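Here's a quick briefing to read alongside the sequence and the 3D view. Have both open as you go.

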Amino acid sequence: MDEELHRYVHEARLGNKEAFTELIRRFKGNVYRHAYGMLGERMEAEDVVQEAFIKAYYSLSRLESDYAFATWIMRIVSNLCLDRLKKHPKDQTVSNERMVELAAEQQGNTHLRITLEEAMQQLSPEHRQVILLHDVQGYRYEEMAALLDVPLGTVKSRLNAARLALRNELKKGDE
Amino acid sequence: MMDHPIDWLSAYIDDELEADQRQLIEDHLQHCESCAAVVHDMMELKAQVAGFYLTIEPPLYLEQQVIQAINNKSSIDSWIRAWFAVPLAGILCLVTLWFLFGPILVRLVSALFKFVLAAFYLFSNMATSIPSVFGTVVIIAVMLLMISGISLRRLLRSTMQ
């Protein structure tokens, strides 16, 4: 599996678009989920994911190791999401349109999903980022420290604060 | 008894603590209901977040869109390169010609200028000394001007429609 991935990254570096397409196919799920979690909108997430892969394609020569592609692409999308949120701070409420969309998508457990997503969107982008990287992408603390370029202690305290904030938001919803 | 180790609870549920720290937390949790409740909530939240976001699926056509965008960008870049390359090549040609044939070119241009000047002088003399030639030239010039005006008007009308 790793060898195959290494081969695809290596060939993509040489400009092979087929190999790069395979890389997109493999990583689009993780990258898209992260962008969606950060931005809370499908269209915006799609834009950012496209931008991330295009950026990756043109900067592949700067990738330090073929084996580091997964972390590298996640760093790119993560930074793009933060940039976008800084440029266009979001109105932190879930729109009616979005509520209808979600309800149609998720017939079961609708209340839980909307509430959780709403609560996530109330957090700061940095808090959302660490929760998504850890709980959805499955990164360990050390990997997150390297990916975010922050000390390990910062990851620990930030994730702790993020979870407490999320818990508070959901408790507000229960009241 | 330690104070509430609220800052360590997240690392505890993620199994990111040293063995001695972990033991301290476990001892504390056995008699602290509020911290135990936070740990319980955090574990539940962790599972909910994973459960929700892992069901989000990316668009099926994403890779085609990205490759299409890369192809478009490549063709635009090559056009831009071509548009820069053509004038650059022209300037380079002119500079090379100047270095190779500079003095000859100066003589050629000055000779051409003298010739044009002489032709103009000759033509103006002919036009003033022979009135019929002058009249014919003026009529032809006016006709050409009118035809150009009519053509331009028709062209503008057809493009507006």
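Predicted model: local features only at pLDDT ≥ 70, side-chain atom pairs only at ≥ 80, totals over all residues.

**Confidence**

pLDDT is the predictor's confidence in each residue, from 0 to 100; helices (H or I, at least four residues) and strands (E, at least two) are DSSP runs, numbered from the N terminus.

- Chain A averages a pLDDT of 86, with 83% of its residues at 70 or more.
- Local features need pLDDT of at least 70 and side-chain atom pairs count only at pLDDT 80 or more, while totals for chains, interfaces and linings use all residues.
- Residues are numbered from 1 along each chain as its sequence is written, and chains are lettered from A and ligands numbered from 1 in the order in which they are written.

**Chain B and its helix H4**

- Chain B has 5 helices and 0 strands.
- Of the 68 residues of H4(B), 2 are buried (20 or more other C-beta atoms within 10 Å of a residue's own, with C-beta atoms placed from the backbone), so this helix lies largely in the open.
- Across chain B, buried residues make up 10% of 161.

**Where the chains meet**

- 26 residues of chain B are in contact (C-beta atoms, placed from the backbone, within 7 Å) with 32 residues of chain A.

Terms used. Buried ≥ 20, exposed ≤ 12 C-beta atoms within 10 Å, placed from the backbone. Contact = placed C-beta atoms within 7 Å.
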